[in-house]
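Me: I would like to learn how to read a structure feature by feature. Could you walk me through this one?

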Amino acid sequence: MKNGKRSNGLNTYLVHDIYSSQHNYGFINPSIFRGSTVLFPDAETMEKKKQSYTYGTHGTPTTDALCHAINLLEGAAKTILVPSGLAAVTVALLSILRTGDHLLITDSVYYPTRRFANNMLKNMGIEVEYYAPKVGSNIEKLFRHNTRVVFAESPASNTFEVQDIPAISAAAHKINAVVMMDNSWATSLYFRPLKHGVDISIHAATKYPSGHSDVLLGTISTTKKYAQLIDNAHRFLGMNVNGDDAYLILRGLRTMCVRLEHQQKTALALAFWLEEQQQVSHVLYPALKGNPGYKLWKRDFSGAAAIFSVVLKTGGRHEANIFLNNLKLFGLGYSWGGFESLAIHVNLSDRTVSKANYPGPILRLQIGIEDFDDLKADLKHALAAINMM
Ligand SMILES: *Cc1c(COP(=O)(O)O)cnc(C)c1O
């Protein structure tokens, strides 16, 4: 109880608070609005834009319902929706950076984020520099007079290093730099960036919020301080999403807690089992006690996503391909967060300041909602196939 009012947990929010049936004749989910033109009753209302909705690119009741839900989950003052997780990264960066600024990005970042920074941002005259994901408060040694944004992603894409987000944020705020974080892995259920000092929180809602591999969408959430800049970028760039996609994400959010709980349980059990297998050198998953990121993860996160990587003891791409080709339940495909298990080979050759020296190939596994025993048998079969070569 807070001030006599009960403050609900996030799971209860997802069921009861993210949408009020009062908005829709008692129906417990919003309607899907599609539209460009919105009519005004008279010229004066049109002149002053004195009504809630004015044009399709500026939002609809369906997109607003999703923004409201994400604001609650993130504890944000403002959320905007964009057509993909990658657009959430690019629009967030474009909203803040100006020519001549210095941008620090974690070396373990999602590859398309690096590609955007190395090409479009550098062409715009922005200085792009990478930092080691485990840098912590030492990030301050990399600060320059023009450092404007520190971009974090924790845990890292593919190798899952955990970053000390509170330490990085504290250092960045001393020089008034903006901290952005790609929080797609943990979702707002297991990590709340704005509560840990982050200014702008980014999600690929394509992943767990969707949960069904049938929609692409990105969200950007921020505090009051940057709300206007984020809103401007949204309007100026024309980065709106349609009602159908927003509806699918809102629908996915309702069950995100049970999906994550179930998938995380299976993932952890598989990770434990994989650690014991003779072909496996490391399992890169911060929820495992032996992982270098375990302590930070335990301190800051309240759960783990069901995606991790396995490093084999020997071999290269050829052995990785044998493993992948012998999987029957795990699909070979990109993305994650859906109901189905997936596997890919991981290539770290783009990293510049945090090259890891692993003995064999790295395979990333996204764990779906299938039965543990079936997934284990599939992995066992694929590992055994490598030995037979
Ligand atoms: C998938 C992903 C994205 C991009 O999401 P899309 O909707 O596929 O564009 C961004 N960041 C991370 C960490 C991701 O895994």
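Reply: Gladly; we will go through cores, strands, a helix, pockets and a cavity in turn. This is a predicted model, in which local features need pLDDT of at least 70, side-chain atom pairs count only at pLDDT 80 or more, and totals for chains, interfaces and linings use all residues. Residues are numbered from 1 along each chain as its sequence is written, and side-chain values use heavy atoms, with hydrogens and water left out.

Me: Which residues have the most contacts inside the largest nonpolar core?

Reply: A nonpolar core is a set of buried Ala, Val, Leu, Ile, Met, Phe, Trp, Tyr and Cys residues joined through side-chain atoms within 4.5 Å. Buried means under 20% relative accessible area, exposed over 50%, and partly exposed in between, with a 1.4 Å probe and protein chains only. Here the largest core holds 89 residues, and W185, L253, L274, Y285, F308, F323 and L365 have the most contacts inside it. Helix 10 (residues 256-275) gives the largest share of this core, 8 residues. Helices (H or I, at least four residues) and strands (E, at least two) are DSSP runs, numbered from the N terminus. Another core, of 29 residues, lies apart from it, with A87, F116, I200 and A233 among its members.

Me: What is F308 in contact with, leaving aside its neighbours within four places in sequence?

Reply: Contact means heavy atoms within 4.5 Å. On that basis, F308 touches F160, A267, L270, A271, L274, V283, L284, Y285, L363, R364, L365 and I367.

Me: Now the sheets. What is the strand order in the open sheet of 5 strands?

Reply: Two strands pair if DSSP finds at least two bridges between them. The order in this open sheet is 8-9-12-11-10, with mixed pairing. Strand 8 (280-284) and strand 10 (331-332) are at the edges with a single partner strand each, so one side of each has no neighbour in the sheet. Strand 8 pairs with strand 9 (residues 307-312) in the antiparallel sense over 4 bridges, and L284 stands opposite S309 in strand 9.

Me: Why is strand 7 largely enclosed by the rest of the structure?

Reply: In a regular strand the side chains alternate between the two faces of the sheet. In strand 7 (residues 218-222), 5 of the 5 residues are buried, so the strand is largely enclosed by the rest of the structure. G218, I220 and T222 point one way and T219 and S221 the other way, and all are buried. Strand 1 runs antiparallel to strand 7, joined by 5 bridges, with I80 opposite I220. Strand 6 (residues 200-204) also pairs with strand 7 in the antiparallel sense over 5 bridges, where T219 is the bridge partner of H203.

Me: Are the faces of strand 2 covered or uncovered?

Reply: Both are covered: H102, L104 and T106 on one side and L103 and I105 on the other are all buried. Strand 2 (residues 102-106) pairs with strand 3 in the parallel sense over 5 bridges, and I105 stands opposite Y130.

Me: What do the buried residues of helix 6 pack against?

Reply: An α-helix has 3.6 residues a turn, so residues three or four places apart point the same way. In helix 6 (residues 165-174), the buried residues are I165, A167, I168, S169, A171 and A172. They pack against strand 3 (127-131), strand 4 (147-153) and strand 5 (178-182). Following helix 6 is N176, whose phi is positive, near 65 degrees.

Me: How many residues line the largest pocket?

Reply: On a 1 Å grid over the protein atoms alone, a cavity is a set of points where a 1.4 Å probe fits but cannot get out, and a pocket is an open set with protein on both sides within 12 Å along at least five of seven lines; lining residues have an atom within 4 Å of a point. Grid points are joined across faces, edges and corners, and a volume is the space filled by probe spheres set on the points. The largest pocket has about 940 Å³ of space and is lined by 43 residues, with Y110, Y111, P112, N158 and R364 nearest its centre. Strand 11 gives the largest share of that lining, 4 residues.

Me: Where does the cavity lining come from?

Reply: Helix 3 and helix 7 (187-190) each supply at least two residues of the lining of the largest cavity. About 50 Å³ of space lies in that cavity, and its lining includes I70, L73, H203 and T219.
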